[in-house]
Amino acid sequence: MMAGMTGEETRTAMSPPIRSSAQDAELQPPATRAWLTRVVIIGIVLTALNLRPAITSLGALLEEVRDGLGMSGSFAGLLTSVPPLCFAVFGVMAPRLARRFGPAAVVCAGMVAIAAGLAIRPFAGNTAGFLVASALALMGIAVSNVLMPVIVKRWFPDRVGSMTGLYSMALALGTAAAAAVTVPMTRALGGSWHAGLAVWAGLAAVAVLPWIPLVRARGTALSRDAASTPASAHGVPSASAAGQEPSVLRITRSRTAWALAVFFGLQATAAYITMGWMAQIFRDAGVPAGTAGLLLAVTMVMGVPLAFVIPRLATRLPHQGPIVVALGVCGLVGYAGLYLAPAGGAWAWALLLGIANCAFPLALTMVGMRARTGAGVAQLSAFAQSTGYLISIPGPLLVGVLYQHSGGWGLPIALMAGLMIPQIVVGILAGRDRTVEDEAARRP
């Protein structure tokens, strides 16, 4: 049996015991464990569906929002940079909150924050209120972003690839759906952008429900202190000897953590540039506006099936470098096509860039594979995502500046292609078979 385990699964099984407040979880009847597992899966899927509509629904109606609130162009540009900034700032808080209240409680609160923020911001009445309400929703997204890999590692240590794939697929579906249906739904609701944005609060409210019984369930894997409790093969915390404490990680001393953080940041940069500017590139090349929007939707939809396939493949390989290279080459070819024949091969370039953007589920999978324990995954996830989102902030703004001052897309596309090279390099480094505990652990 051990011979058939992947390296990640072997590391999980050999994790040292750590004291937990959920020591009696494994003593629950099998039916109870199975019920809890099903609830966790539902919670993961619904949470993932809510991690991007706050952003992509606003992008679809940004012109109407600007006109309705009297928003300046500069403020609108600032608004597009708020998501990665909030992800970086609030994501750092997630591990500490999870240790104190439990991951389930934090994710539940995150869904409440998303629902409240999305319900309030269309009716805030001014740009400042709109920004504050958006930040509330983004705070909920940020902590949930960080804790999803922790929950997957905790409940499904032997299925990290498949569950990360399911989570990533749902996230991509939510992203594409909000971009595609927000405008038609707004028209169906009478043409008010307020209603078109507020309706997404309902989806977030539904996502609160599965986490409530998990927060209340005594002795479940997501109860207090579960973030630092190793999981058993059944997806619940293993009982442990009292008196042992988790090792403290100096995460910044891990080269793998830094490589993964930079990889996360560069892939996020590419994704935000694609979401913000690709449709405009096609329109400037003579592609009709409707077709340009459809091309962007195709790029986003590519993440739905591939987000399920890539994590499963990644966990079967001792080194994820070949996948990093394959995705990077697709990106380079796609950018070359945008430069040489943006209209002539538009569908091919949209498909290739959609494949390249699937570096996101690969990065999430590597977060779960580069740490042995729940505590390690929590610290690595917070560090990689917070640092990565900080790295991603200047990219879309710089593309806009280059486009404005050069009067064309040559320099911006060259920048996009140039960033793909270091993304491949650090991705290869992050994909090596090692853990942050080996590189950064010290005794408490």
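Analyst: Accessible areas come from the Shrake-Rupley method with a 1.4 Å probe, and for residues only the protein chains shown count as cover. The model is predicted: local features need pLDDT of at least 70, side-chain atom pairs count only at pLDDT 80 or more, and totals for chains, interfaces and linings use all residues. Residues are numbered from 1 along each chain as its sequence is written, and side-chain values use heavy atoms, with hydrogens and water left out.

User: What share of the accessible surface of the chain belongs to carbon and sulfur atoms?

Analyst: The accessible surface totals about 17400 Å². The part belonging to carbon and sulfur atoms is 66%.

User: What is the volume of the largest cavity?

Analyst: A cavity is a set of points, on a 1 Å grid over the protein atoms alone, where a 1.4 Å probe fits but cannot get out; lining residues have an atom within 4 Å of a point. Grid points are joined across faces, edges and corners, and a volume is the space filled by probe spheres set on the points. For the largest cavity this gives about 360 Å³.

User: Which helix supplies the largest share of the lining of the largest cavity?

Analyst: Helices are DSSP runs (H or I, at least four residues), numbered from the N terminus. The lining has 21 residues, with Leu 171 and Phe 360 among those nearest the centre. Helices H9 (160–188) and H13 (255–284) are among those that supply at least two residues each. The largest share, five residues, comes from H13.

Definitions and conventions: 1 Å grid on protein atoms, 1.4 Å probe; cavity = no way out; pocket = protein on both sides within 12 Å on 5 of 7 lines; lining within 4 Å.
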